[in-house]
Amino acid sequence: MRSMRAFLTRYPRQAAQETRTIMIPQGEPVPAGTYGYLEFFCPDTKCDCRRVVLSVMSRETGGVMATLSYGWETAEFYRNWSHGEQRGVDMVGVSLDPLAPQTEYAGYFLGAFRDMVSVDRAYRDRIRRHYEMFKRPGKHGGAYQGDEADKAR
Ligand SMILES: [Zn+2]
């Protein structure tokens, strides 16, 4: 698994339309504002890791409030994928990414995301579709615009 790359660097138009945002009103345990769940995927087309990393960013300040990992397949899938390693077990479901920036509000944004994907099938399907677009860019029409690393190759 190589380092993750932002969905919006390859598909800025879809990212603008399809990145989930939530609006937090006054009186919640996190600062009021608009927050986007920016999606990052592993760019290795030979790696079928089936997960997304989500960076929760404040639209007002640009600050990263939380970094989540979401693996939508079963525990068995990741166990097989990782040949039984612990990191395979850690990929199941929604969790805070232990290697990435977090804040005191990270748990709130994790809970909000867990609620969204548990009830919102369209959102789950959208994340999986974005993953497929990332892994098989040739099959999804002309929207692919490349990113800096791809241009440099
Ligand atoms: Zn991967």
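Which elements do the buried residues of H6 pack against? They pack against helix H1 (7–10), S3 and S4, and this briefing walks you through the surroundings. You are looking at a predicted model, in which local features need pLDDT of at least 70, side-chain atom pairs count only at pLDDT 80 or more, and totals for chains, interfaces and linings use all residues. Residues are numbered from 1 along each chain as its sequence is written.

**Overall layout**

- The protein has seven helices and six strands; helices (H or I, at least four residues) and strands (E, at least two) are DSSP runs, numbered from the N terminus.
- Read from the N terminus on, the elements run β-α-α-β-β-β-β-α-α-β-α-α-α.
- Of the 153 residues in the protein, 24% are buried. Here, buried means that 20 or more other C-beta atoms lie within 10 Å of a residue's own, exposed means 12 or fewer, and partly exposed is in between, with C-beta atoms placed from the backbone.
- Among the contacts with a separation of 6 or more, 53% come from residues 24 or more positions apart. A contact means that the C-beta atoms of two residues, placed from the backbone, lie within 7 Å.

**How the strands pair**

- Strands count as paired if DSSP finds at least two bridges between them.
- Strand S1 (residues 5–6) is joined to S3 by two bridges, and the two run antiparallel. Ala-6 has Phe-40 in S3 as its bridge partner.
- Strand S2 (residues 21–24) also runs antiparallel to S3, with four bridges joining them. Here Ile-24 stands opposite Gly-33.
- S3 and S4 pair over six bridges, again in the antiparallel sense. Leu-38 stands opposite Ser-55 in S4.

**The nonpolar core**

- A nonpolar core is a set of buried Ala, Val, Leu, Ile, Met, Phe, Trp, Tyr and Cys residues joined through C-beta atoms within 7 Å.
- The largest one has 29 residues, and those with the most contacts inside it are Phe-41, Val-52, Leu-54, Val-56 and Phe-109.
- Two or more residues of this core come from each of strand S3 (33–41), strand S4 (51–58), strand S5 (64–71), helix H3 (75–81), helix H5 (106–119) and helix H6 (121–135).
- Not counting residues up to four places away in sequence, Phe-41 touches Met-4, Arg-5, Phe-7, Val-52, Tyr-131 and Phe-134.

**Helix H6**

- The expected span is 1.5 Å times one less than the number of residues.
- Ile-127, His-130, Tyr-131 and Phe-134 are buried in H6. Seen down the axis, the buried residues of H6 fall within an arc of 100°, so they line one face of the helix.
- The arc is that of the directions from the helix axis to the C-beta atoms.
- The other side of H6 has Arg-121, Ala-122 and Asp-125, which are exposed.

**Helix H5**

- H5 has 14 residues and reaches 20 Å from its first C-alpha to its last, close to the 20 Å expected.
- Its buried residues are Ala-106, Phe-109, Leu-110 and Phe-113. They cover an arc of only 105° around the axis, which puts them on the same side of H5.
- Turned away from that buried side is a face with the exposed residues Gly-111, Asp-115, Ser-118 and Val-119.
- S3, S4, S5 and strand S6 (93–96) are the elements that the buried residues of H5 pack against.

- Thr-21 is found in strand S2 and counts as exposed, because 12 other C-beta atoms are within 10 Å.
- Leaving aside neighbours within four places in sequence, Thr-21 is in contact with Thr-34, Tyr-35 and Gly-36.
- Gly-62 has its place in the loop between S4 and S5 and counts as exposed, with 7 C-beta neighbours inside 10 Å.

**Confidence**

- The average pLDDT, the predictor's confidence in each residue from 0 to 100, is 88, and 88% of the residues score at least 70.
- Confidence is highest in S3, at 98, and lowest in helix H7 (residues 148–152), at a mean of 44.
- Over residues 147–153, pLDDT stays under 50. Where pLDDT is low, the predicted coordinates should not be read in detail.
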